[in-house]
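This report looks at how the parts of one protein chain are arranged. Please keep the sequence and the model at hand while reading.

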Amino acid sequence: MNKDLANFSTDLRRVSYWIYEGKIDLAKRFLRLAKGKYKLTGRIGPYPDIWQEIEKINNLEGGNYRSSDRAATISSILLNESLK
C-alpha cells in the first residue's frame, strides 16, 4: 500500500467535508499545506497532473458543491491507487 496516497485520500475527504460545510478558509489552508507535505508527481489515475485538479478545488471552480464533489472523487481515486 502506498501510504502517501492513502493519507492524502483521507485528507481530501476532510477537505471535501469542509468545503461542503462552508469552511472554505480551513480547506484552502489545508490544501496549501498538502502541496508541501505530499510530493506526488506523474500520472495518478486519470489525472496527468493531480495538482491541476487540486488547484481547481482550491479555486472553487464550479462552486462549493462541485469543488466538494471533486475533492471526494479524487479522494476515492487516490485510495484505489494506493492499493495497487
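Thr73 has a relative accessibility of 33%, so it counts as partly exposed. The limits for that class are 20% and 50%. The model is a predicted one, and the values below are computed from it.

Thr73 is part of helix α4. Along the chain, Thr73 and Ser16 are 57 residues apart, while their C-alpha atoms are separated by 9.2 Å.

Ser9 belongs to helix α1, and with a relative accessibility of 0% it counts as buried, because buried means under 20%.

Ser68 sits in helix α4. Its relative accessibility is 6%, so Ser68 is also classed as buried. With residues up to four places away in sequence left out, Ser68 touches Ser16, Ile19 and Tyr20.

## Helices α1 and α2

Two packed helices are described by the angle between their axes and the distance between the axes. Helix α1 covers residues 3-20 and helix α2 covers residues 24-37. Their axes are 8 Å apart, and the packing angle is about 160°. Because angles over 145 degrees count as roughly antiparallel, α1 is roughly antiparallel to α2. The crossing of these helices is left-handed.

On the α1 side, the contact is made by Phe8, Asp11, Leu12, Val15, Trp18 and Ile19. On the α2 side, it is made by Ile24, Leu26, Ala27, Phe30, Leu31, Ala34 and Lys37. By class, the residues of this contact are 11 nonpolar and two charged, with no polar ones.

## Helices α2 and α3

How far apart are the axes of α2 and α3, and at what angle do these helices pack? The axes lie 10 Å apart, and the angle is about 160°. The helices α2 and α3 are therefore roughly antiparallel to each other. Their crossing is left-handed.

Lys28, Leu31, Ala34 and Lys35 of α2 meet Trp51, Ile54, Ile57 and Asn58 of α3. The contact of α2 with α3 has five nonpolar residues, one polar residue and two charged residues. Leu31 and Ala34 are also named in the contact of α2 with α1.

## Helices α3 and α4

For α3 and α4, the packing angle is about 150° and the axes are 9 Å apart. This pair is therefore roughly antiparallel as well. The crossing of α3 and α4 is left-handed.

From α3, the residues that take part are Ile50, Glu53, Ile54, Lys56 and Ile57. They meet Ser67, Arg70, Ala71 and Ile74 in α4. Sorted by class, the contact of α3 with α4 contains five nonpolar, one polar and three charged residues.

## The nonpolar core

In soluble globular proteins, nonpolar side chains tend to be buried together. In this model, the largest nonpolar core has 24 residues. Phe8, Val15 and Ile54 are the residues with the most contacts inside this core. At least two core residues come from each of α1, α2, α3 (50-58) and α4 (64-82). Which helix gives the most to the core? It is α1, with six residues.

Apart from neighbours within four places in sequence, Phe8 is in contact with Ala34, Tyr38, Leu40, Trp51, Ile54 and Leu78. Ile54, one of these partners, is also named in the contact of α2 with α3 and in the contact of α3 with α4.

Leu60 is placed in the loop between α3 and α4. Most residues other than glycine have a negative phi, and most peptide bonds are trans. Leu60 has a positive phi, near 55°.

Is Leu83 buried or exposed? Its relative accessibility is 56%, so Leu83 counts as exposed, the cut-off being over 50%. Leu83 lies in the segment after α4. Between Leu83 and Ile50 there are 33 residues of separation in sequence and 17 Å in space, taken from C-alpha to C-alpha.

Key: Residues are numbered from 1 along each chain as its sequence is written. This is a predicted model: local features need pLDDT of at least 70, side-chain atom pairs count only at pLDDT 80 or more; totals for chains, interfaces and linings use all residues. Side-chain values use heavy atoms; hydrogens and water are left out. Axes are lines fitted to C-alpha atoms, for helices over the stretch in contact, and angles run from 0 to 180 degrees between N-to-C directions. Helices (H or I, at least four residues) and strands (E, at least two) are DSSP runs, numbered from the N terminus. Angles under 35 degrees count as roughly parallel, over 145 as roughly antiparallel, 65 to 115 as roughly perpendicular and the rest as oblique. A crossing is left-handed if the near helix is turned anticlockwise from the far one by less than a right angle, and right-handed if clockwise. Contact means heavy atoms within 4.5 Å. Ala, Val, Leu, Ile, Met, Phe, Trp, Tyr, Cys and Pro count as nonpolar, Asp, Glu, Lys and Arg as charged, and the others, Gly among them, as polar. Buried means under 20% relative accessible area, exposed over 50%, partly exposed in between (1.4 Å probe, protein chains only). A nonpolar core is a set of buried Ala, Val, Leu, Ile, Met, Phe, Trp, Tyr and Cys residues joined through side-chain atoms within 4.5 Å.
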